[in-house]
Amino acid sequence: MMHIRFKIIPYRKLQFAAQFGFSVRDLMMLQALARMPGVLSIDWLERPDTIPERILGGFRGPPTMEGVTYHRKLDFSLLGPLRERRSWARKSIGLHNTALCSAPADDAINVILDFNPFFIPPAEALEGHFYWYDLIDNFVKHNRYTEADRNHVAAKYAWVNEHADLITGVSSDSIRSFDKGVVLANRILRPDAAAASGVADASYPEFDLGFVGFITDKFDHEFVLGLADRGLKVLVCGKAYDKTVTDNLEAHPNVTYGGPYNAQQVNQLVRRFRIGLIPYRIDRLHDESPIKFFHYVTNGRAVMMSRHFNDIEGRFADYVHYYDPRNVEDAAEFSRQIIADFSDVSRKIVAICNSTNEMYWEDSLHDIMAPLLARKGLTAHG
């Protein structure tokens with residue numbers, strides 16, 4: 001059997017999972033890789049803490065994972081992290097360079113899997129390693145990044161395009177500027193998938209439409225309020241990064257804001273509504289592949305969203321509606337049709353999920369790792 005060792009340069013801190021669960025791309029991929037046969041070990045090179053984070057952050061500690069070694073460092077710099085904030089990672093992650101560059105001389109394949117949009121690994125790290133870069137988002141388009149942040153990202157992407165052995169991205173748009181890009185749309189983990197039986201159960205959901213996910217200024221709350229104006233009841237759940245959005249939603253009698261949640265609660269929340277929403281403003285979108293789409297359909301829910309995100313949506317063409325924000329009545333009519341035939345629709349959507357292996361990280365990562373398996377006995381640059 002082929003053996004692989006991974007060193008992961010993450011975007012998020014692993015303690016994110018302690019608060020929200022394994023609910024985002026880099027953490028889901030970590031969990032899927034840790035379960036895969038042939039993966040000998042995983043070293044998770046956490047973005048170093050700053051002194052203010054240690055003092056004020058209330059460190060929770062990462063979840064314990066078999067086969068995963070957690071590397072934690074403290075960055076004693078003061079002004080740099082305060083001035084540059086998120087892009088300071090391009091310097092602080094260098095504290096892990098010793099661990100990053102070490103590569104045991106045996107038959108195992110040593111892989112660096114990099115999710116970070118700022119840090120450029122040293123040249124020595126490429127010797128003896130297969131370097132895989134994954135775009136968890138196209139950060140040169142990130143509406144919450146500063147111009148300086150986006151410039152640092154552009155420099156990292158140019159370096160990646162020249163040096164990476166494998167580049168994966170969430171959508172065809174995200175990898176358009178890369179010579180060796182491969183689409184790896186988001187998925188969910190198999191244990192997160194809803195059981196085929198009981199999805200369309202006898203307890204009729206209390207809400208017509210619902211949303212689970214982080215709530216930012218790209219959330220199209222005006223469209224959602226338009227649906228609520230037409231008598232449809234809406235549930236919105238997730239940590240709010242822009243309180244004005246949730247304030248506007250909560251002011252409507254047909255909208256309920258459920259607050260933050262943990263990944264273990266997702267299926268329970270989704271089963272409280274009949275149609276899943278992905279209501280994002282087109283002018284603030286990145287190149288994305290929303291994980292929530294997979295949570296919705298594996299729970300037998302039709303989906304209403306602002307644009308096409310990935311090819312898997314085509315499997316559910318009869319149950320996916322791409323809305324026009326200027327025509328809320330059309331979206332409301334789609335909702336009424338789904339609601340009228342909810343139980344039958346739910347069963348049909350689950351049947352499609354059960355015949356679609358591409359829904360799950362475990363299957364897609366096995367396929368995407370084929371270039372690694374083909375390099376048995378070779379170094380990435382040998």
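Reader: Before we start, what should I know about the numbering and the model?

Author: Residues are numbered from 1 along each chain as its sequence is written, and side-chain values use heavy atoms, without hydrogens and water. Because the model is predicted, local features need pLDDT of at least 70 and side-chain atom pairs count only at pLDDT 80 or more, while totals for chains, interfaces and linings use all residues.

Reader: How many aromatic pairs does the structure hold?

Author: A pair of aromatic rings is described by the distance of the centres and the angle of the planes. Rings of Phe, Tyr and Trp (its six-membered ring) pair if their centres lie within 6.5 Å; planes under 30 degrees apart are stacked, over 60 edge-to-face, and the rest tilted. The structure holds 15 aromatic pairs. One joins Tyr-131 and Trp-159: with centres 5.4 Å apart and planes at 80 degrees, this pair is edge-to-face.

Reader: Where do Tyr-131 and Trp-159 lie?

Author: Helices (H or I, at least four residues) and strands (E, at least two) are DSSP runs, numbered from the N terminus. Tyr-131 lies in strand S7 (residues 130-135) and Trp-159 in helix H8 (residues 147-163), so the pair ties together parts 28 residues apart in sequence.

Reader: Are Tyr-131 and Trp-159 buried or exposed?

Author: Buried means under 20% relative accessible area, exposed over 50%, and partly exposed in between (1.4 Å probe, protein chains only). Tyr-131 and Trp-159 are both buried.

Reader: Which residues do ring pairs link into a cluster?

Author: Phe-16, Phe-20, Phe-214 and Tyr-241 are linked that way.
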